[in-house]
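Visitor: I am new to this structure and would like a close look at one part of it. Please take me through a single helix and what surrounds it.

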Amino acid sequence: MSQFYITTPIYYVNAKPHLGHAYSTIVADSVARFHRVMGDETYFLTGTDEHGDKIAQAAEAAGQTPKEFVDQISGIFQKLWPKLNISNSDFIRTTQDRHIKTVQRVLQQVYDNGDIYKSEYEGLYCYGCEQFLTEKDLVDGKCPDHDKAPTVIKETNYFFRMSKYQDWLKQYILDHPDFIRPERYRNEVLSMLDMGVLDDLCISRPKTRLSWGIELPFDTDYVTYVWFDALLNYLTAIDAPEGEKFGKFWPHANHLVAKDILKPHAIFWPTMLKAAGLEPYEHLNVHGYWLVKDTKMSKSIGNVVDPLSMVDTYGVDPFRYFLMREMRFGRDASFSEDALVGRLNADLANDLGNLFSRVLSMTQKYFGGVVPDPSRKHQAEDLEILSLATRSFTTFQEHFGKFEFGEALEGLWELVRGLNKYVDSTQPWALAKAEDTERLGNVMYVMLMLMRKVALHVWPVMPDTAEKMLLQLGQGEFAPESVNLTDEADSFGRLEPGLQLAKASNLFPRVEKKKEEPKAAPKKEKKKESKKAAKAQPAEPGTIEFADFQKVDMRVGTVVSCERHPDADRLLLVKVDLGEEEPRQVVAGLAEFFTPDELMGRQVVVVANLAPRKLRGYTSQGMILAVRKDGGMELLTASGPVKGGSKVS
Ligand code: MSP
């Protein structure tokens with residue numbers, strides 16, 4: 001039996017959990033469940049990060065002691081996870097004794113080895129980052145992440161000799177191509193390492209300034225810097241370095257983080273491990289950010305998505321499925337309830353739910369709900385669906401194992417859609433009418449036994465749904481350790497003839513899209529409109545008047561510069577010459593489809609009179625028109641070169 005170890009970031013307890021925390025934890029849970037049904041002994045860790053300036057400040061603002069405060073917010077995380085069906089093996093808190101012991105032991109060891117030294121340091125300290133910054137990190141004299149000027153602090157502190165391990169780390173990353181994945185983040189880390197000599201890491205804070213932390217074992221006037229403390233949670237939970245769990249699981253350690261904490265995990269952590277005489281983790285898996293309307297979630301904008309309210313409205317499995325299916329792992333993705341409802345209705349209610357209820361009710365109708373005994377005389381369409389099934393299960397397993405969840409689920413849904421077509425083409429109702437019981441039995445058996453396998457593959461992402469399906473397929477209570485997905489991809493059968501099945505099932509009721517409340521027009525305008533409306537033909541729903549169309553000013557222009565948005569993966573900053581005094585800046589969601597070079601010099605159609613709006617900090621003065629083609633995107637343009645600014649009519 002092999003082992004697998006998956007961790008989430010341990011979340012700060014200065015705010016309540018939101019969509020981003022839920023996503024990481026759902027991914028880790030799905031991966032843990034996947035490994036369980038792949039037959040691996042799996043350990044899944046999540047928890048809370050409870051020390052440091054940020055927490056101390058949040059506690060003070062709430063009028064509580066740090067301890068009261070962390071207990072309360074950590075409790076909110078611990079209560080949330082069961083509602084999202086999170087099956088963690090352990091929940092770690094950095095204020096626990098077991099963790100304090102690990103941190104102090106590792107610190108002492110690295111200190112004894114001579115890799116921690118004391119030195120006076122004057123630097124620019126950002127309280128938001130809880131780090132010293134350099135001039136290079138600042139934008140207009142401020143920390144770009146917190147929009148605040150750092151404070152100059154001069155103090156004596158302890159430093160970890162991180163620079164000593166820079167060359168080793170670079171070589172290690174070069175020798176292990178999937179140590180950090182996806183590749184874009186590996187490249188980002190390599191370029192950080194190429195930028196110059198790494199600074200040594202300041203790993204202490206004097207108690208005179210901050211007392212909410214783990215005391216240094218070799219100097220009681222100081223507490224440990226929060227990252228040096230937090231990263232070690234991954235070792236505490238598996239009883240490093242002597243424990244049995246450590247021996248078993250550490251060689252298979254997979255960390256899961258978002259891109260915001262790439263540097264601590266890709267640079268601080270492996271060098272800390274090296275200095276402590278331990279092997280690096282196996283993989284660092286890095287995902288992108290969930291955005292809301294292309295904007296970062298933030299309390300001040302008021303666009304923070306509450307995972308609990310999503311689960312209450314749509315159910316836990318549709319929410320999990322949507323997150324896993326929609327985000328291309330490693331890239332940013334946009335969250336919207338409309339998109340969630342779209343997937344729920346299309347993939348879940350129409351495709352999977354419909355298929356399952358059709359198959360169960362036909363079994364009921366033609367075989368009294370009992371699994372028929374197949375003669376296994378297969379026809380071409382049976383062989384076709386069986387080979388699609390093998391392909392799709394194999395694709396699912398390969399992609400899921402590499403954290404490519406969208407691709408894995410798409411592979412599985414090819415089979416779900418294929419099975420719906422199989423029902424249509426084999427027409428069991430016609431076979432029943434013709435009393436061809438042998439053929440009917442074969443067809444129904446193929447569908448039922450594939451439904452069982454679909455349920456097993458769906459389980460990591462939608463455990464409740466899968467367990468319901470399996471129960472209705474006569475499989476009893478589900479026990480992941482009784483399954484090995486690898487053996488399921490290519491095998492026929494495994495569903496016992498003669499089993500009594502449930503009558504029917506409705507796995508996913510369809511959901512109506514939330515209707516946008518129409519904004520009440522100001523009274524005066526209403527009057528005018530009603531006079532006009534009396535004269536004009538009433539517009540069909542979903543159509544617009546010609547006069548409305550005429551309001552849209554579309555022009556052809558040439559792209560004169562183009563670059564990537566510095567922190568939004570999907571956006572390009574495009575300057576288009578429309579024959580005006582200055583080129584227009586358009587912030588276009590085209591980065592997934594075009595590199596900046598590919599857009600340079602192209603003539604594009606721009607909606608030129610859209611009201612300017614800010615997208616991720618940049619003003620967009622129009623919109624570039626494009627059309628989807630074969631999963632990619634084509635730009636709309638004139639059939640030959642035209643003068644910049646020519647009007648489209
Ligand atoms: N406490 C540190 C982590 C220490 S790990 C040794 C921390 N905590 S955090 O509460 O800020 O959590 C950051 C993590 O939350 C991200 O890395 C990611 O996993 C998740 N997310 C927070 N916002 C997110 C999005 N908008 N989108 C996706 N995930 C994000 O950093």
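This is a predicted model: local features need pLDDT of at least 70, side-chain atom pairs count only at pLDDT 80 or more; totals for chains, interfaces and linings use all residues.

Visitor: Which residue just after α14 takes a positive phi?

Guide: Just after α14, the residue with a positive phi is Phe403, at about 65°. Residues are numbered from 1 along each chain as its sequence is written, and side-chain values use heavy atoms, with hydrogens and water left out.

The buried residues of α14 are Asp382, Ile385, Leu386, Leu388, Ala389, Ser392, Phe393, Phe396, Gln397 and Phe400, where buried means under 20% relative accessible area, exposed over 50% and partly exposed in between, with a 1.4 Å probe and protein chains only. Seen down the axis of α14, these buried residues fall within an arc of 160°, so they line one face of the helix, the arc being that of the directions from the helix axis to the C-beta atoms. An α-helix has 3.6 residues a turn, so residues three or four places apart point the same way. The face of α14 turned away from the buried side carries the exposed residues Ala380, Glu384, Arg391 and Glu398. On the buried side, the residues of α14 pack against α1 (19-37), α12 (316-326), α15 (405-426) and α17 (437-458), contact meaning heavy atoms within 4.5 Å.

Elsewhere in the model, the side chains of Glu50 and Arg93 meet in a salt bridge at 2.7 Å, N to O, a salt bridge being a side-chain nitrogen of Lys or Arg within 4 Å of a carboxyl oxygen of Asp or Glu. This pair links distant parts of the chain, 43 residues apart, with Glu50 in the loop between β3 (41-49) and α2 (53-61) and Arg93 in strand β4 (residues 90-93). Both Glu50 and Arg93 are buried, and together with Lys67 and Asp71 they are linked in a network of salt bridges.

Definitions and conventions: Helices (H or I, at least four residues) and strands (E, at least two) are DSSP runs, numbered from the N terminus.
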